[in-house]
Amino acid sequence: MDTENTLTSVIPSNEIENSEIVDTDVNEENYKTYHEYESTFKNYEIQEINIEKRFTTKQDKTSRNESSRQDWYDYNRGGSNVYYSGLIKSATHPIDNLHQLDMSSLKLNYSDGSYYPSLSERISLPRVRSLKMSKNHSVILTNEPKGNIFISGLGSRGRLGLGNSQPQDTYVPIPFFKDKKILFCDVSDDHTIVLTSTNEIYTWGCNSYGQLGYSVDIASNKLEPIEATPHLVSTGDFKKKELIKRIIGINCSKFHSLAFTKNEIYFWGLNIGQFGFTSSNTGDVMKWKFSFRYKCLDSIDS
């Protein structure tokens with residue numbers, strides 16, 4: 001069969017050469033549907049045809065390109081998968097290439113009928129809201145309504161918040177937060193800070209520089225102050241309920257932590273100039289505060 005002659009009997013030859021199909025009598029969108037040619041094509045044993053819109057002006061083409069662009073990641077919805085690489089020092093699970101994390105491990109009591117009443121809740125996989133990583137540990141937040149924080153890494157210095165110093169080579173939930181939802185988290189090499197959906201700030205880990213935001217005694221078997229489980233930051237200005245309600249984010253480094261509202265930043269920990277000024281005081285909780293009169297803060301990175 002001569003396919004070109006066959007198509008010419010249905011569609012003008014000049015349009016075949018341009019690989020476009022246009023019929024101004026169809027509609028303003030300039031589309032030809034398969035059904036309009038179905039009876040004719042059956043006679044010639046043509047099974048399908050790909051229809052593409054013709055853009056007659058440069059502006060139309062530009063509009064099409066711009067409309068097709070979209071952000072690949074929606075923060076509120078979260079990501080669907082986690083991939084990791086590197087070397088985990090485990091005798092049973094050495095990892096030296098790219099692997100995909102089992103997402104069911106990031107959901108409390110996955111597939112448990114007594115915990116999730118509906119089947120959809122029971123088997124649906126969580127989505128990842130955030131992932132933070134330090135040299136010694138990492139934290140994953142999911143979009144689950146509660147118990148949405150998972151942690152792995154070295155357990156020394158209380159950095160995992162599990163109440164012990166055991167290492168974790170897989171992501172495990174932090175029992176303290178089983179009934180709470182974490183919105184934001186950040187990590188340094190030796191401590192972690194989180195903000196809950198009820199605007200509570202919790203920290204844990206090493207407190208050598210006052211970076212946890214509260215006093216921690218040095219245990220008899222330790223050389224430095226360590227808080228091995230999450231503890232509420234409620235000292236200084238954070239005793240004020242009206243301030244707590246306005247907190248929109250948190251961040252930290254090895255030496256300090258911070259929380260911020262739309263127009264204020266609260267620092268605590270060791271100040272060696274990273275706050276933008278010098279001070280002889282160290283470790284004072286809620287000692288330093290910045291206020292912004294004319295601009296609103298959206299995010300901060302330490």
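Is Asn-199 buried or exposed? Asn-199 is buried, with a relative accessible area of 15%; here buried means under 20% relative accessible area, exposed means over 50%, and partly exposed lies in between (1.4 Å probe, protein chains only). The legends below start from a predicted model, in which local features need pLDDT of at least 70, side-chain atom pairs count only at pLDDT 80 or more, and totals for chains, interfaces and linings use all residues. Residues are numbered from 1 along each chain as its sequence is written, and side-chain values use heavy atoms, with hydrogens and water left out.

**View 1. An open sheet of four strands has the order 7-8-9-10.**
Helices (H or I, at least four residues) and strands (E, at least two) are DSSP runs, numbered from the N terminus. Two strands pair if DSSP finds at least two bridges between them, and the pairing in this sheet is antiparallel. Strand 7 (182-187) and strand 10 (226-232) stand at the edges with a single partner strand each, so one side of each has no neighbour in the sheet. On average, neighbouring strands of this sheet are turned by 10° against each other, direction ignored; axes are lines fitted to C-alpha atoms, for helices over the stretch in contact, and angles run from 0 to 180 degrees between N-to-C directions.

**View 2. Strand 8 meets strand 9 in the antiparallel sense.**
Strand 8 (residues 191-196) and strand 9 (residues 201-206) are joined by five bridges. Look for His-191, which stands opposite Gly-205 in strand 9. Strands of a sheet pair through backbone hydrogen bonds, either parallel or antiparallel. Thr-196 lies in strand 8 and is buried, with a relative accessible area of 1%. Leaving aside neighbours within four places in sequence, Thr-196 is in contact (heavy atoms within 4.5 Å) with Lys-181, Ile-182, Leu-183 and Tyr-202.

Ser-111 lies in the loop between strand 2 (99-100) and helix 5 (119-123) and is partly exposed, with a relative accessible area of 45%.

**View 3. The largest nonpolar core has 16 residues.**
A nonpolar core is a set of buried Ala, Val, Leu, Ile, Met, Phe, Trp, Tyr and Cys residues joined through side-chain atoms within 4.5 Å. The residues with the most contacts inside this core are Ile-193, Ile-201, Phe-238, Ile-247, Ile-250 and Ala-259. Strand 8, helix 6 (241-244), strand 11 (249-252) and strand 13 (264-269) each give two or more residues to the core. Not counting residues up to four places away in sequence, Ile-247 touches Leu-195, Asn-199, Ile-201, Phe-238, Ala-259, Phe-260 and Thr-261. Apart from this core lies another, of 14 residues, including Leu-141 and Val-194.
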